[in-house]
Amino acid sequence: MNIKIFADGANIEDMIRIHEKIGVDGFTTNPSLMKQAGIKNYKEFSKKVVGMFPNKSVSFEVFSDDFETMEKEARELSKIGNNVFVKIPITNSKGEGSFELIRKLSSDGINLNVTAIFTKEQVEKVVDSVNKNSKTIISVFAGRIADTGVDPTPLMREYSEICHKKENIELLWASPREVLNIKQAEEVGCDIITCTPQILNKIKLFGKNLEEYSLETVQMFLRDSTDLGYKILD
């Protein structure tokens with residue numbers, strides 16, 4: 001596959017293991033994942049990750065909800081390493097767009113990962129705001145779009161065409177729900193997909209013989225029912 005595969009998470013042990021096992025192209029994190037991983041010191045964690053993976057794209061997100069502080073955080077994060085992409089949410093919690101901040105940071109050559117994007121209008125506004133001086137990732141939460149009952153593949157194909165109007169922009173398929181999404185993301189023209197370790201571990205199943213997989217499933221059912229000592233007939 002030509003699509004870049006990023007690992008999504010904030011557990012350093014998982015990051016090391018996945019990189020050694022699969023050889024991912026980069027890493028993404030967010031505040032929720034850091035909370036789950038029990039990260040206490042954000043800057044210490046960020047510097048450690050960059051030190052371990054200096055040649056891999058790594059995305060770290062700002063925390064503030066006001067754009068003035070968000071800008072200061074973004075500039076501080078960008079200093080950690082040349083491989084750092086600063087994650088800027090498409091809006092703050094009040095629904096106010098981040099486009100002016102994106103324009104300002106992008107013009108200064110700060111690598112960005114604009115996140116929590118869902119709509120065509122959001123994609124278009126980000127593309128219009130991005131300066132050629134900045135490498136920019138546009139992260140569309142295709143998995144969450146699918147959660148609403150909408151097929152994200154035609155949307156992502158359209159978003160890909162919009163993003164690729166500028167050479168310095170890459171489209172990322174975020175929040176995948178299954179390993180099939182990796183192939184779907186590549187087919188619609190996404191440049192990157194970011195996956196949890198649980199999904200990445202399933203890549204080894206690509207091309208597996210389905211009859212063999214069927215037999216293994218039946219054997220698993222038998223093994224589990226035997227281990228539990230289930231009986232239907234006395």
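The model is predicted, so local features need pLDDT of at least 70 and side-chain atom pairs count only at pLDDT 80 or more, while totals for chains, interfaces and linings use all residues. Residues are numbered from 1 along each chain as its sequence is written, and side-chain values use heavy atoms, with hydrogens and water left out. The protein chain has eleven helices and eight strands; these are DSSP runs numbered from the N terminus, with helices being H or I of at least four residues and strands E of at least two.

**Overall picture**

- Along its principal axes, the C-alpha trace of the protein chain spans about 75 × 40 × 35 Å.
- Of the 234 residues in the protein chain, 44% are buried (under 20% relative accessible area, with exposed over 50% and partly exposed in between, using a 1.4 Å probe and protein chains only).
- Among contacts (heavy atoms within 4.5 Å) in the protein chain between residues at least 6 apart in sequence, 65% join residues at least 24 apart.

**Nonpolar cores**

- In soluble globular proteins, nonpolar side chains tend to be buried together.
- The largest nonpolar core here holds 60 residues, and Phe60, Val86, Ile88, Val126, Ile138, Val140 and Met156 touch the most other members; such a core is a set of buried Ala, Val, Leu, Ile, Met, Phe, Trp, Tyr and Cys residues joined through side-chain atoms within 4.5 Å.
- Another core, of seven residues, lies apart from the largest one, and its members include Phe6, Ile137, Ala174 and Ile192.
- Leaving aside neighbours within four places in sequence, Phe60 is in contact with Thr29, Met34, Tyr42, Phe45, Ser46, Val49, Val50, Leu77, Val84, Phe85, Val86 and Lys87.
- Helix α8 (residues 153-163) has Thr153, Met156, Tyr159, Ser160, Ile162 and Cys163 as its buried residues.
- Those buried residues of α8 pack against α6 (120-129), β6 (136-140), α7 (142-147), β7 (169-173) and α9 (180-187).

**Pockets**

- The largest pocket has a volume of about 480 Å³; on a 1 Å grid over the protein atoms alone, a pocket is an open set of points with protein on both sides within 12 Å along at least five of seven lines, and lining residues have an atom within 4 Å of a point.
- Grid points are joined across faces, edges and corners, and a volume is the space filled by probe spheres set on the points.
- The largest pocket is lined by 23 residues, of which Asp8, Asn30, Phe141, Arg144 and Ser175 are the closest to its centre.
- At least two lining residues of the largest pocket come from each of α2 (31-37), β4 (84-89) and β5 (112-117), and α2 gives the largest share, four residues.
- By class, the lining of the largest pocket has eight nonpolar, ten polar and five charged residues (Ala, Val, Leu, Ile, Met, Phe, Trp, Tyr, Cys and Pro count as nonpolar, Asp, Glu, Lys and Arg as charged, and the others, Gly among them, as polar).
- The second largest pocket has a volume of about 160 Å³.
- Asn82, Asn83, Phe85, Asn111, Lys135, Thr136, Ile137, Glu167, Asn168 and Glu170 line the second largest pocket, dividing into two nonpolar, five polar and three charged residues.

**The cavity**

- A search of the whole structure finds one cavity of 30 Å³ or more, a cavity being a set of points where a 1.4 Å probe fits but cannot get out.
- About 50 Å³ of space lies in the largest cavity.
- Its lining consists of Ala7, Asp8, Gly9, Ala10, Asn11, Asp14, Met15, Ile18, Phe27 and Pro197.
- Both β1 (4-8) and α1 (12-22) give two or more residues to the lining of the largest cavity, with the largest share, three residues, coming from α1.
- The lining of the largest cavity has six nonpolar, two polar and two charged residues.

**Residues worth a look**

- Most residues other than glycine have a negative phi.
- Ala116, found in strand β5, has a positive phi near 65° and is partly exposed, with a relative accessible area of 30%.
- Ser175, in the loop between β7 and α9, has a positive phi near 55° and counts as buried at 14% relative accessibility.
- Ser64 lies in the loop between β3 (57-61) and α4 (67-78) and is buried, with a relative accessible area of 14%.
- The side chain of Ser64 makes a polar contact with the side chain of Asp66 (3.0 Å); a polar contact is a pair of N or O atoms within 3.5 Å, and within protein one must be able to donate a hydrogen and the other to accept it, with residues adjacent in sequence counting only if both atoms are side-chain atoms.
- Not counting residues up to four places away in sequence, Ser64 touches Thr69, Met70 and Glu73.
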